[in-house]
Amino acid sequence: MNQPIFTYTKGMIRTDTSYCPGCTHGISHRLIMEALDEIGKLGEAIGVGPIGCSVQAHKFMNVDMCEAAHGRAPAVASGIRRVHPDKLVFTYQGDGDLASIGTAEIVHAAVRGEKFTTFFINNAIYGMTGGQMAPTTLLGQRSTTSQGGRELGQAGAPIRMCELLATIGGAVYVERVALNSPANINKAKRAVKRAFEVQEKKLGFSFIEFVSTCPTNWGLTPIAAMDFLKEKMLPYYPLGVYRQPEGGEKQ
């Protein structure tokens, strides 16, 4: 009997993508929806997307979604989760959104131990608004607002959100994953499931960072962008579990 090689993910809406060639947003979308489907929670999930490329998530994710002002998704998710304590609530945010205008929102959601999950797309640049330097842009990396490359003395060092949030007690599960290889994608999916499990158990705030690509604004081909992620981004943004519930399995 012939077995299907590929099937559509139940949690994804069948529509053409609007993301650029080589963008890894689609991979993260699929992983989140597959995880919800496999744990039987597609009908119990509510997502919040703010401004940026993530604002398009509702076109692809087949769950209840709402939009928030730039950087304010954690505040909206906090309210939703408190009103609907038995739902799985998540925010889906880019680095320009979460690590810049929304820094206070995500930090204080973690401080309060809000019981929702944040999926953080770190592609080291502002995507939708034209490729400006983001808080996560690497030193020496060029953007439309750092034509000579990011300078330490002018812009400071790129912010590492996992390391920052892992210092906060209310953030009980913090992990950084990458979307550049089948092995890393499989690890990313396991991290998504663990984050939802932490939320289901009402242990506190959970945070998953996806190290991602933005070929268009990096000025690279999709293949070259994957090489850049591996060779430049991962040394500065090391993968791994930065905080987990006590007694959790070591990674």
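**Salt bridges in context**

Reply: Of the contacts (heavy atoms within 4.5 Å) between residues at least 6 apart in sequence, 68% join residues at least 24 apart. This is a predicted model, in which local features need pLDDT of at least 70 and side-chain atom pairs count only at pLDDT 80 or more, while totals for chains, interfaces and linings use all residues. Residues are numbered from 1 along each chain as its sequence is written, and side-chain values use heavy atoms, leaving out hydrogens and water.

If a salt bridge is a side-chain nitrogen of Lys or Arg within 4 Å of a carboxyl oxygen of Asp or Glu, the count comes to 15. One of them pairs glutamate 38 with lysine 189, whose closest N and O atoms are 2.6 Å apart. Because glutamate 38 belongs to helix α1 (residues 25-38) and lysine 189 to helix α7 (residues 182-200), this pair ties together parts that are 151 residues apart in sequence; helices here are DSSP runs of H or I with at least four residues, strands are E runs of at least two, and both are numbered from the N terminus. Glutamate 38 is partly exposed, at 45% relative accessible area, whereas lysine 189, at 17%, counts as buried, where buried means under 20%, exposed over 50% and partly exposed in between (1.4 Å probe, protein chains only).

Another salt bridge joins arginine 176 and glutamate 163, again with closest N and O atoms 2.6 Å apart. Arginine 176 lies in strand β5 (residues 171-178) and glutamate 163 in helix α6 (residues 161-165), so this pair ties together parts 13 residues apart in sequence. Arginine 176 is buried at 1% relative accessibility, while glutamate 163 is partly exposed at 24%. Finally, salt bridges that share partners join Arg30, Glu34, Glu38, Lys189 and Lys193 into one network.
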